[in-house]
Amino acid sequence: MTTEGWVYFCTSCGTYKPEKEFYHSKNTPFGLTYKCRIHYKKDDTPVDPSMDYLKLNPLTDKDFEETQNVLENLGYTFGPSELPVWKQFQIKHNLK
């Protein structure tokens, strides 16, 4: 404890700072974030361009049709009066 009050450790810069330098958080033991305000908002994770394939892309019509064909080949049926595929799966595998 200092004249400014309690001090807490910032895991990013490795220094002790007063409580006012941290954001409040309900998910941590002392009710403060582990990083100070300066480092909390920074995204210092390096971006690897070779990982672009992991980004979610919207499903195209062709992909949707191919997925439906695979599911139909596995014995699932589609239509407004049919059960959803997840329910058909549960029945087929005796899960519920």
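Rings of Phe, Tyr and Trp (its six-membered ring) pair if their centres lie within 6.5 Å; planes under 30 degrees apart are called stacked, those over 60 edge-to-face, and the rest tilted. Keep that in mind, as ring pairs link Tyr 8, Phe 22 and Phe 30 into a cluster.

**Before we start**

You're looking at a predicted model, so local features need pLDDT of at least 70 and side-chain atom pairs count only at pLDDT 80 or more, while totals for chains, interfaces and linings use all residues. Residues are numbered from 1 along each chain as its sequence is written, and side-chain values use heavy atoms, with hydrogens and water left out.

**The overall layout**

The chain has three helices and four strands. Both kinds of element are DSSP runs numbered from the N terminus: helices are H or I with at least four residues, and strands are E with at least two. Reading from the N terminus, the order is β-β-β-β-α-α-α.

How much of the chain is buried? Of its 96 residues, 15% count as buried. Buried means under 20% relative accessible area, exposed means over 50%, and partly exposed is in between (1.4 Å probe, protein chains only). The accessible surface of the chain comes to about 8,500 Å², and 58% of that belongs to carbon and sulfur atoms. Those areas come from the Shrake-Rupley method with a 1.4 Å probe; for residues, only the protein chains shown count as cover.

Now for contacts, meaning heavy atoms within 4.5 Å. Among the contacts in the chain with a separation of 6 or more, residues 24 or more positions apart account for 12%.

**Around Phe 22**

The structure holds four aromatic pairs. One of them joins Tyr 8 and Phe 22: their ring centres are 6.2 Å apart and their planes are at 75 degrees, so this pair is edge-to-face. Tyr 8 lies in strand 1 (residues 7–9) and Phe 22 in strand 3 (residues 22–24), so the pair ties together parts that are 14 residues apart in sequence. Tyr 8 and Phe 22 are both buried, with Phe 22 at 1% relative accessibility.

What does Phe 22 touch, leaving aside its neighbours within four places in sequence? Its contacts include Tyr 8, Phe 9, Cys 10, Lys 17, Leu 32 and Thr 33.

Thr 33 itself lies in strand 4 (residues 32–36). This residue is buried too, with a relative accessible area of 9%. The side chain of Thr 33 reaches the backbone oxygen of Lys 35 at 2.8 Å. Leaving aside neighbours within four places in sequence, Thr 33 is in contact with Phe 22, Tyr 23, Ser 25, Thr 28 and Tyr 40.

Back in strand 1 you'll find Val 7, which is partly exposed with a relative accessible area of 27%.

Here are some C-alpha separations to check in the structure.

| Residues | Apart along the chain | C-alpha separation |
|---|---|---|
| Val 7 and Glu 19 | 12 residues | 5.8 Å |
| Phe 22 and Tyr 34 | 12 residues | 7.8 Å |
| Lys 92 and Tyr 76 | 16 residues | 9.4 Å |

**Charges over rings**

A charge sits over a ring if NZ of Lys or CZ of Arg is within 6 Å of the ring centre and within 35 degrees of the ring normal. The charged end of Arg 37 does this with the ring of Tyr 23, sitting 4.4 Å from its centre. Likewise, the charged end of Lys 92 sits over the ring of Tyr 76, 4.8 Å from its centre.

Lys 92 is found in helix 3 and is partly exposed, with a relative accessible area of 46%. Not counting residues up to four places away in sequence, Lys 92 touches Leu 74 and Tyr 76.

Helix 2 (residues 61–73) has 13 residues and reaches 18 Å from its first C-alpha to its last, close to the 18 Å expected at 1.5 Å a residue. That expected span is 1.5 Å times one less than the number of residues. Just after helix 2, Gly 75 takes a positive phi of about 105 degrees.

Most residues other than glycine have a negative phi. Asn 94, though, has a phi near 55 degrees, a positive value in a residue other than glycine. Where is Asn 94 found? Look in the segment after helix 3 (85–92). Asn 94 is exposed, with a relative accessible area of 70%.

Note on methods
Polar contact = N/O pair within 3.5 Å; in protein donor to acceptor, adjacent residues only side chain to side chain.
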